[in-house]
Amino acid sequence: MSESVKMLLGYEPPKEAVVVEGWLRTARAGKDVVFLEVNDGSCAASLQVVADPSLPNYAEIVRLGTGAAVRAEGTLVASPAKGQTVELKPHSVTVVGDVEQGYPLQKKRHSFEFLRTMAHLRPRARTFGSVFRVRHALQMAIHEFFDERGFIQVHTPIVTASDCEGAGQMFRVSAFDPAAPIPKKDGAVDFSQDFFAKETSLTVSGQLEAEVFALAFKNVYTFGPTFRAENSHTARHASEFWMIEPEMAFCDLRGDMALAEDFIKVIVAKVLARCPDDIDFFDQWIEKGLRARLEALVGSSFEAMTYTEAIDRLKTSKKKFEYPVDWGADLQSEHERYLTEELVGKPVFVVDYPREIKAFYMRVNDDEKTVAAMDLLVPHVGEIIGGSQREERLDVLEGQMERFGLEKEPYWWYLDLRRYGGTPHAGFGLGFERALMYVTGMKNIRDVIPFARTPGNCDF
Ligand code: 4AD
Ligand code: MG
């Protein structure tokens with residue numbers, strides 16, 4: 001049985017009869033010796049295999065290049081050279097999968113733009129090894145966080161007939177044959193003849209269904225893929241991304257914010273503890289000072305300000321913004337970055353947004369102008385969390401739906417929750433990829449997603 005490179009690097013040498021399997025990061029031939037750097041994705045470091053001419057297939061090994069898949073058996077010994085504490089002295093090296101000429105990932109540093117076109121090979125590149133190990137660790141940290149606090153995970157549906165955010169940014173799901181006449185009634189498409197007998201889409205959020213479960217299990221969360229047909233060509237928007245959405249019954253906006261703050265700090269602390277080498281890699285190559293930034297976050301307390309205050313601070317900032325700052329307008333990314341990076345210098349909650357620019361389900365405040373919404377803005381990323389207390393008063397909720405021009409019929413079950421044992425409740429959504437950008441320092445969302453889907457791009 002082979003063992004992971006990570007395990008092997010942790011052994012006290014000498015250790016006989018070890019087996020390593022992996023891909024060559026590099027192969028360097030010297031005089032009567034070949035150094036093979038074998039990586040298997042288990043950690044950032046590689047295991048050095050030192051092959052010499054006593055191996056029967058030495059001629060084959062000398063010709064090996066970056067990317068080849070090999071299996072080596074032998075003795076783990078203390079390394080006499082700098083750069084590693086142990087190395088493998090093999091009695092056999094099997095070439096499992098050779099590489100053809102033109103393997104695109106060579107030792108030199110490639111641009112991230114180039115590597116995006118090689119999404120099938122880039123997981124073997126160092127940066128992406130670290131990114132996807134941290135992606136896994138962050139995901140585990142999130143599940144642990146909720147599990148330790150008694151939250152139940154709900155698998156909310158991916159195909160849905162309701163638009164949670166009411167923003168009309170949904171991808172249609174249909175079994176109609178675009179090459180055949182689509183059934184029409186009164187001039188409009190007759191969706192009653194479609195697969196689900198109604199108009200359906202890919203979900204933009206699992207929140208509405210999570211609310212159903214919160215009103216039975218009290219504390220629940222979803223962690224699933226979400227889809228937005230939003231034509232945003234930015235480094236922080238993807239058309240398919242993962243979202244974590246906790247929802248809590250008997251909870252108000254303050255409780256929601258307290259959970260969000262605890263959540264961010266705990267998951268960052270867990271990743272720091274689990275992936276120290278990967279974080280060091282990002283600190284060295286992607287964002288200088290990353291580790292210090294993350295450690296400071298864990299010990300900090302977040303700030304909070306109302307939207308109205310934020311607008312005032314932006315207006316008096318004397319900064320030239322591209323988009324105008326006016327009460328009632330949504331905060332643009334440049335405004336968010338200014339607030340969290342320059343004004344406050346750490347994560348900041350902005351609360352109580354104008355009701356017109358937020359979703360219909362948010363609880364209307366007593367001023368009747370704002371809703372009990374919160375966005376968490378963090379340096380480097382901007383908005384990482386969006387959440388709110390939900391409108392639990394049936395009449396107010398129905399009024400909100402009218403205001404937003406939403407039909408009540410598709411939401412009948414959602415409205416029922418306000419009729420039968422409704423409670424104040426609140427929740428939020430964390431964009432998983434934005435959280436990953438925050439903990440890795442990576443600057444483009446396309447580089448923290450295994451296979452990114454963005455406007456105009458669905459390769460691989
Ligand atoms: O602010 P949003 O739209 O909130 C909701 O969907 C609520 N239903 C959440 C809730 O209260 N349960 O999205 C939540 C988060 C954002 O703060 C952002 O981090 C991320 O999801 N997000 C995106 N991430 C990547 N690409 C996109 N296009 C994103 N849109 C939102
Ligand atoms: Mg939002």
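Mentor: Start with handedness: α4 passes α7 in a left-handed crossing. Left-handed here says that the near helix is turned anticlockwise from the far one by less than a right angle, and right-handed that it is turned clockwise.

Trainee: Before I go on, what are the ground rules for this model?
Mentor: This is a predicted model, in which local features need pLDDT of at least 70 and side-chain atom pairs count only at pLDDT 80 or more, while totals for chains, interfaces and linings use all residues. Residues are numbered from 1 along each chain as its sequence is written, chains are lettered from A and ligands numbered from 1 in the order in which they are written, and side-chain values use heavy atoms, with hydrogens and water left out.

Trainee: And the element names?
Mentor: Helices (H or I, at least four residues) and strands (E, at least two) are DSSP runs, numbered from the N terminus.

Trainee: Back to α4 and α7, at what angle do they cross?
Mentor: The axes of α4 (residues 126-148) and α7 (residues 276-285) cross at roughly 130 degrees and come within 10 Å. That makes the pair oblique. Axes are lines fitted to C-alpha atoms, for helices over the stretch in contact, with angles from 0 to 180 degrees between N-to-C directions. Under 35 degrees counts as roughly parallel, over 145 as roughly antiparallel, 65 to 115 as roughly perpendicular, and the rest as oblique.

Trainee: Which residues of α4 and α7 meet?
Mentor: From α4, Arg126, Thr127, Ser130, Val131, Arg133 and Val134; from α7, Asp278, Phe281 and Phe282. Contact means heavy atoms within 4.5 Å. The residues of this contact of α4 with α7 divide into four nonpolar, two polar and three charged. Nonpolar covers Ala, Val, Leu, Ile, Met, Phe, Trp, Tyr, Cys and Pro, charged covers Asp, Glu, Lys and Arg, and the others, Gly among them, are polar.

Trainee: How does α4 cross α6, left-handed or right-handed?
Mentor: The crossing of α4 and α6 is right-handed. Their contact includes Phe145 and Phe146 of α4 and Phe263 and Val266 of α6. By class, the residues of the contact of α4 with α6 are 13 nonpolar, one polar and five charged.

Trainee: What about α7 and α8?
Mentor: The axes of α7 and α8 (residues 290-299) come within 8 Å and cross at roughly 120 degrees. α7 is therefore oblique to α8.

Trainee: How far does α6 reach from its first C-alpha to its last?
Mentor: α6 (residues 253-274) has 22 residues and reaches 31 Å, close to the 32 Å expected at 1.5 Å a residue. The expected span is 1.5 Å times one less than the number of residues. For α4, 23 residues should span 33 Å, and its end C-alpha atoms are 33 Å apart, which agrees.

Trainee: What caps the N-terminal end of α6?
Mentor: Asp252 does, with a side-chain oxygen 3.2 Å from the backbone nitrogen of Arg254.

Trainee: Now the backbone. Where is Phe250?
Mentor: Phe250 is in the loop between β13 (240-249) and α6. Phe250 has a positive phi of about 55 degrees although it is not a glycine. Asp32, in the loop between β1 and β2 (33-39), also has a positive phi of about 55 degrees without being a glycine.

Trainee: Why flag those?
Mentor: Because most residues other than glycine have a negative phi, and most peptide bonds are trans.

Trainee: Which peptide bond is cis?
Mentor: The one from Pro13 to Pro14, with omega near -5 degrees. Pro14 sits in the loop between α1 (5-9) and β1 (15-30).

Terms used. A polar contact is a pair of N or O atoms within 3.5 Å; within protein, one must be able to donate a hydrogen and the other to accept it, and residues adjacent in sequence count only if both atoms are side-chain atoms.
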